[in-house]
Amino acid sequence: MNRVATRKKILIVEDNLAYANILKLTWEHSTFWAEAEIKTVNDGQEAIDYLSRNQGNSGDRQESGQLPDLILSDINMPHLSGLELLAWIRQTAHLKHLPVILMSSYIEPLELEIIKSLKANYYFIKPLTIQELLNNLNQTMKQLQPSEAHVVE
């Protein structure tokens, strides 16, 4: 029997390179997914391109063809926002099950309603410190791990 490593995959969608690197380092120090393979892209359109190329197990057996186990996306980005990305994911049959966590420096009331209607699994305001970020991500992972996913109500 051919044993294939089942490393978890995280897709980070963030237009601020410095913050994307902080997120990546934070995940690497997380107790939940420290060994995860992390891919970063700059905006929602790049995320759609990446997800469209990686159709899971639809004939492509390369490890790079696997879908991410989790998507962590900024909301406010050029070209295609995190909300538009989430809407596309939820309308795409083979992707709509993917857990999506949204983040932003601020979330307006209308954005919060959209986040809820699109069934984001979780959202948070970007913290100021790495420790706050790590605490938020660990708390999020605790909520996502036991069951299929905690959907924002």
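Begin by selecting Ser 104 and its bridge partner in E5, Ile 125. The model is a predicted one, in which local features need pLDDT of at least 70 and side-chain atom pairs count only at pLDDT 80 or more, whereas totals for chains, interfaces and linings use all residues. Residues are numbered from 1 along each chain as its sequence is written, and side-chain values use heavy atoms, with hydrogens and water left out. Helices (H or I, at least four residues) and strands (E, at least two) are DSSP runs numbered from the N terminus.

Next, show the side chains of E5, residues 122-125, which alternate.

**Leu 102 and the core**

Now select Leu 102. Neighbours within four places in sequence aside, its contacts (heavy atoms within 4.5 Å) include Ser 73, Leu 86, Ile 115 and Phe 124. Then display the largest nonpolar core, which has 25 residues (a core is a set of buried Ala, Val, Leu, Ile, Met, Phe, Trp, Tyr and Cys residues joined through side-chain atoms within 4.5 Å). Leu 102 is among the residues that touch the most other members, as are Leu 11 and Ile 89. E1 (9-13), H2 (44-53), H3 (82-91) and E4 (100-104) each supply at least two residues of this core; the largest share, five residues, comes from H3.

**Helix H3**

Select H3 itself. Seven of its ten residues are buried, so the helix is largely enclosed by the rest of the structure. Its buried residues pack against E1, H2, E3 (70-74), E4 and H4 (109-117). At the start of H3, a side-chain oxygen of Ser 81 reaches to within 3.3 Å of the backbone nitrogen of Leu 83.

**Helix H1**

Finish with H1. Which residues of this helix are buried? They are Tyr 19, Ala 20, Leu 23, Thr 26 and Trp 27. Viewed down the axis of H1, these buried residues fall within an arc of 125 degrees, so they line one face of the helix (the arc is that of the directions from the helix axis to the C-beta atoms).

Notes
Buried means under 20% relative accessible area, exposed over 50%, partly exposed in between (1.4 Å probe, protein chains only). A polar contact is a pair of N or O atoms within 3.5 Å; within protein, one must be able to donate a hydrogen and the other to accept it, and residues adjacent in sequence count only if both atoms are side-chain atoms. Two strands pair if DSSP finds at least two bridges between them.
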